[in-house]
Amino acid sequence: MATESRFKMSQERLDALKKELLFLETDKAKEVAEQIKEARSFGDLSENSEYDEAKTEQGKLYSRIAELKSLIENAEIVEKVDTGMRKGAVTLGSRVKVRDVEDGCEEEYIMVGSQEANPMEGKVSDDSPFGHGLYGHVAGEKITVDAPVGELHFEILSVEND
């Protein structure tokens, strides 16, 4: 029997997933069932595009519900700061300011679990190459990240662990 992998996330993310699951299993499921019922009333199902669309929507809904249940069942709640790390090191929940050594560009990121990652919002997963490169390092250190475009070099300017 294969074991499912664990999904690291904050309690806030787990709560949001549970809320989404409840919505999908209640309100959204009723809405989709009503669409199917209405489409059936149009007659011949073999040439009924409304019915096909409603069944496709139902399939997407069931797929998302299954995905959410798996995420929730395999959630691993992580503390904001890993107490096993040296003081001031980058851990989950850290706010990290870095400078690209090549172009001098400064960026700020928050280290999060894989289920919360959103680079457009500055949330970097500890599982990503960049997050993995940052993890465990402290302000003042330089890191090298192996990225698809080649090696990238950064200097950690500051680390805040709330």
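This is a predicted model: local features need pLDDT of at least 70, side-chain atom pairs count only at pLDDT 80 or more; totals for chains, interfaces and linings use all residues.
Ser-114 sits in the loop between strand 4 and strand 5. Is Ser-114 buried, exposed or partly exposed? Its relative accessibility is 29%, so Ser-114 counts as partly exposed. Buried would need a value under 20%, and exposed one over 50%.

Now look at what surrounds this serine. Setting aside neighbours within four places in sequence, Ser-114 touches Lys-8, Ser-125, Asp-126 and Asp-127. Take Asp-126 from that list. Asp-126 and Ser-114 are 12 residues apart along the chain, yet their C-alpha atoms are separated by 6.8 Å.

Strand 4 and strand 5 run parallel and are joined by three bridges. In one of the pairs, Val-112 has Ser-125 in strand 5 as its bridge partner.

Five strands make it up, in the order 5-4-3-7-6. The sheet is open, and its pairing is mixed. Which strands lie at the edges? They are strand 5, residues 123–125, and strand 6, residues 142–147. Each of these pairs on one side only. On average, neighbouring strands of the sheet are turned by 45 degrees against each other, direction ignored. In general, strands of a sheet pair through backbone hydrogen bonds, in either a parallel or an antiparallel way.

Follow the order onward from strand 4. Strand 4, residues 106–112, pairs with strand 3, residues 95–100. The sense is antiparallel, and there are five bridges. Lys-97 stands opposite Glu-108 of strand 4. The two strands form a hairpin, with five residues between them. Gly-104 lies in the turn and has a positive phi of about 75 degrees.

Strand 3 also pairs with strand 7. These two run antiparallel, joined by six bridges. Here Val-98 has Ile-156 in strand 7 as its bridge partner.

Strand 7 covers residues 150–160 and pairs with strand 6 as well. This pairing is antiparallel too, over six bridges. A hairpin of two residues joins strand 6 to strand 7.

Next come the helices. Helix 1 and helix 2 pack with their axes 9 Å apart, at an angle of about 160 degrees. How do these two helices run, roughly parallel or roughly antiparallel to each other? Angles over 145 degrees count as roughly antiparallel, and helix 1 and helix 2 are therefore roughly antiparallel. Helix 1 passes helix 2 in a left-handed crossing.

In soluble globular proteins, nonpolar side chains tend to be buried together. The largest nonpolar core of this model has 17 residues. Met-9 and Leu-17 have the most contacts inside it. Which elements give two or more residues to this core? They are strand 1 (7–9), helix 1 (11–40) and helix 2 (49–73).

Return to Met-9 for a closer look. Neighbours within four places in sequence aside, Met-9 is in contact with Leu-14, Leu-17, Leu-71, Ala-75, Glu-76, Ile-77, Val-78, Gln-115 and Glu-116.

Notes
Residues are numbered from 1 along each chain as its sequence is written. Side-chain values use heavy atoms; hydrogens and water are left out. A nonpolar core is a set of buried Ala, Val, Leu, Ile, Met, Phe, Trp, Tyr and Cys residues joined through side-chain atoms within 4.5 Å. Buried means under 20% relative accessible area, exposed over 50%, partly exposed in between (1.4 Å probe, protein chains only). Helices (H or I, at least four residues) and strands (E, at least two) are DSSP runs, numbered from the N terminus. Contact means heavy atoms within 4.5 Å. Two strands pair if DSSP finds at least two bridges between them. Axes are lines fitted to C-alpha atoms, for helices over the stretch in contact, and angles run from 0 to 180 degrees between N-to-C directions. Angles under 35 degrees count as roughly parallel, over 145 as roughly antiparallel, 65 to 115 as roughly perpendicular and the rest as oblique. A crossing is left-handed if the near helix is turned anticlockwise from the far one by less than a right angle, and right-handed if clockwise.
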